[in-house]
Amino acid sequence: MRTWGSFVALAAALLVPVSATPAVAGVRAPVRRMPAAPPCPNVPPPSTRPPQPPPAPDPAARAVGGAALDTAGLVVPPASTAPPPVTATSWVVADLDSGTVLGGCGPHEYAVPASVQKLLLAATMLPRLDPNREVTVTAGDLAVEPGSSAVGLVEGGRYRIETIWLGLLLRSGNEAANALARLGGGPDGLAGGVRAMNEEAHRLGARQTHAVTPSGLDGPGQFTSAYDLALIARACFANPAFRRYAATRTAQIPAQPALRKKAFAISNDNMLLDQYPGAIGGKTGFTDLARHTYVGAAERGGRRLVVTLLGAEVTSQRGWQQGAALLDWGFAQPRDASVGRLVEPGELDRTAPPAGGGASALAGHADLRGGAPGPGAAPSAGVTVAVGAVLTAGGAVLLARRRRHAAAAAATMSTGSVLREPEIPEQD
């Protein structure tokens with residue numbers, strides 16, 4: 001699944017005349033939106049699988065965090081430097097502590113998560129499960145897609161829940177995801193765990209996220225956005241246990257003498273930890289449908305930033321390297337730089353939408369500074385209607401867009417030729 005960002009932005013621009021918005025006294029200068037196409041260079045994937053149709057655009061969901069985030073293109077603060085070119089079809093850089101969004105590209109564009117969905121599982125189940133409890137892995141836990149990532153848990157094996165968390169976050173174990181969802185899902189087991197994940201996404205304000213599998217393995221109707229991932233990551237990094245697990249370099253999976261299985265070591269597949277000064281953790285992801293996805297966080301000069309990116313291709317940079325480049329850009333921006341904010345958990349449920357003002361209510365009453373909204377801050381409904389009509393063009397047009405942008409992506413990513421690395425699923 002690729003995001004529809006560049007195509008939707010172009011089509012919406014052709015269908016809807018741009019109306020000028022009058023300046024409002026006391027409100028920061030309008031956020032600079034980069035008109036150059038394509039704002040997010042992308043490379044066509046080698047997979048021939050048809051794109052999975054995204055849900056219909058929801059103007060309220062697209063306004064969460066501020067009206068400026070309702071764009072399929074690039075949004076950055078007025079005086080910011082240009083962000084580095086990456087192949088991700090959408091991304092967000094945000095401050096984990098203040099919740100400020102420093103910039104993004106298609107922040108609210110739908111995409112497929114792959115294994116970064118395990119962060120939603122962590123945000124949901126870490127408060128529910130006793131890490132010292134010893135549990136038994138079942139055959140159902142091991143029912144994962146052949147060839148997908150697994151940590152090596154065995155049926156009938158007895159493990160502490162903390163060990164299973166390490167298998168999930170270090171090695172992206174899909175059987176670990178199944179076990180944790182089942183254990184935290186109550187009487188309904190794994191199905192109850194997935195339902196709890198979706199309830200947690202709603203509570204966090206991640207209104208464009210819907211989980212179908214606990215691991216992030218592809219399932220029909222499973223989507224997220226770069227903005228939603230930033231909300232989810234912020235919730236994860238607020239949990240001390242998650243921070244400890246995500247920063248763990250190596251761990252030991254204990255032996256299972258009754259099953260004649262020896263102990264073995266695992267290592268963290270998030271290379272940002274070893275290659276980026278100040279890295280504090282993150283998560284890699286890959287499926288044929290999602291392509292490369294990544295979430296990474298780092299601390300520098302008293303600031304903790306997170307980057308989320310979706311739909312990336314491996315050309316000259318891996319997913320974590322693209323994330324590192326965007327983190328560098330974020331740390332170079334002034335502390336007051338902002339294009340929006342991450343809403344607080346439960347905020348959207350506490351905010352009753354006024355008559356005819358659902359979008360601004362879901363945005364948490366935030367202007368670009370994360371404060372009270374200025375007059376006229378609501379996003380244009382006309383653009384959203386046009387985008388909804390454009391989406392009916394379907395997958396064939398999206399594939400044509402991919403072909404058109406292939407050459408542009410190569411030129412943007414490097415001044416010379418771009419060497420394409422083999423498709424490596426980054427352990428997912």
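Me: Before anything else, what does buried mean here?
Reply: Buried means under 20% relative accessible area. Strand β11, residues 303-312, is a plain case, with 10 of its 10 residues buried. Keep in mind that this is a predicted model.

Me: Fine. Overall makeup: how many helices and strands?
Reply: The protein has 14 helices and 12 strands. Of its 428 residues, 58% count as buried. Taking contacts between residues at least 6 apart in sequence, 74% join residues at least 24 apart.

Me: Back to β11. Which strands does it pair with?
Reply: Two pairings to note. Strand β3, residues 90-95, pairs with β11 in the antiparallel sense over six bridges. Strand β10, residues 291-300, is also antiparallel to β11, over eight bridges.

Me: Which residue of β11 is the bridge partner of valine 92?
Reply: Threonine 308 is the partner of valine 92. Valine 295 also stands opposite threonine 308.

Me: And how many residues lie between β10 and β11?
Reply: Two; the strands form a hairpin, and glycine 301 in the turn has a positive phi of about 60°.

Me: Which residues other than glycine have a positive phi?
Reply: Alanine 114 is one of them, with phi near 55°. Arginine 260 is another, also with phi near 55°.

Me: Where is alanine 114, and is it buried or exposed?
Reply: Alanine 114 sits in the loop between β4 (100-105) and α3 (118-125). Its relative accessibility is 0%, under the 20% cut-off, so alanine 114 counts as buried.

Me: Arginine 260, then: buried or exposed?
Reply: Arginine 260 is exposed because its relative accessible area is 79%, over the 50% cut-off. Arginine 260 belongs to the loop between β7 (250-253) and β8 (264-267).

Me: How do β7 and β8 run?
Reply: β7 and β8 run antiparallel, joined by four bridges. Threonine 250 has serine 267 in β8 as its bridge partner. Thr250 and Gln252 make up the uncovered face of β7, while Ala251 and Ile253 make up the covered one.

Me: Switching to helices. How many residues of α3 are buried?
Reply: Eight of its eight residues. They are Lys118, Leu119, Leu120, Leu121, Ala122, Ala123, Thr124 and Met125.

Me: At what angle do α3 and α6 cross?
Reply: Their axes cross at roughly 90° and come within 9 Å. From α3 the contact uses Leu120, Leu121, Ala123, Thr124 and Met125, and from α6 it uses Gly193, Ala196, Met197, Glu200 and Ala201. The contact residues divide into seven nonpolar, two polar and one charged.

Me: What about α5 and α6, at what angle do those cross?
Reply: Helix α5 (residues 174-184) and helix α6 (residues 189-204) also cross at roughly 90°, with axes that come within 6 Å. They are therefore roughly perpendicular to each other. Asn178, Ala181 and Arg182 of α5 meet Gly189, Leu190 and Gly193 of α6. That contact divides into two nonpolar, three polar and one charged residue.

Me: Last one. Where is tryptophan 329?
Reply: Tryptophan 329 is in helix α10, residues 319-331. At 4% relative accessibility, tryptophan 329 falls under the 20% cut-off and therefore counts as buried.

Me: Which residues does tryptophan 329 touch, leaving out those up to four places away in sequence?
Reply: Val76, Ser80, Thr81, Ala82, Pro83, Pro84, Trp91, Val93, Leu102 and Gly103. Valine 93 is 236 residues away from tryptophan 329 along the chain, and their C-alpha atoms are separated by 8.9 Å.

Conventions
Residues numbered from 1 in each chain as written. Predicted model: local features only at pLDDT ≥ 70, side-chain atom pairs only at ≥ 80, totals over all residues. Heavy atoms only, no water. Buried < 20%, exposed > 50% of the residue type's maximum accessible area, 1.4 Å probe, protein only. Axes fitted to C-alpha atoms, helices over the stretch in contact; angles between N-to-C directions. Parallel < 35°, antiparallel > 145°, perpendicular 65-115°, else oblique. Contact = heavy atoms within 4.5 Å. Nonpolar A, V, L, I, M, F, W, Y, C, P; charged D, E, K, R; others polar. Pairing = 2+ DSSP bridges.
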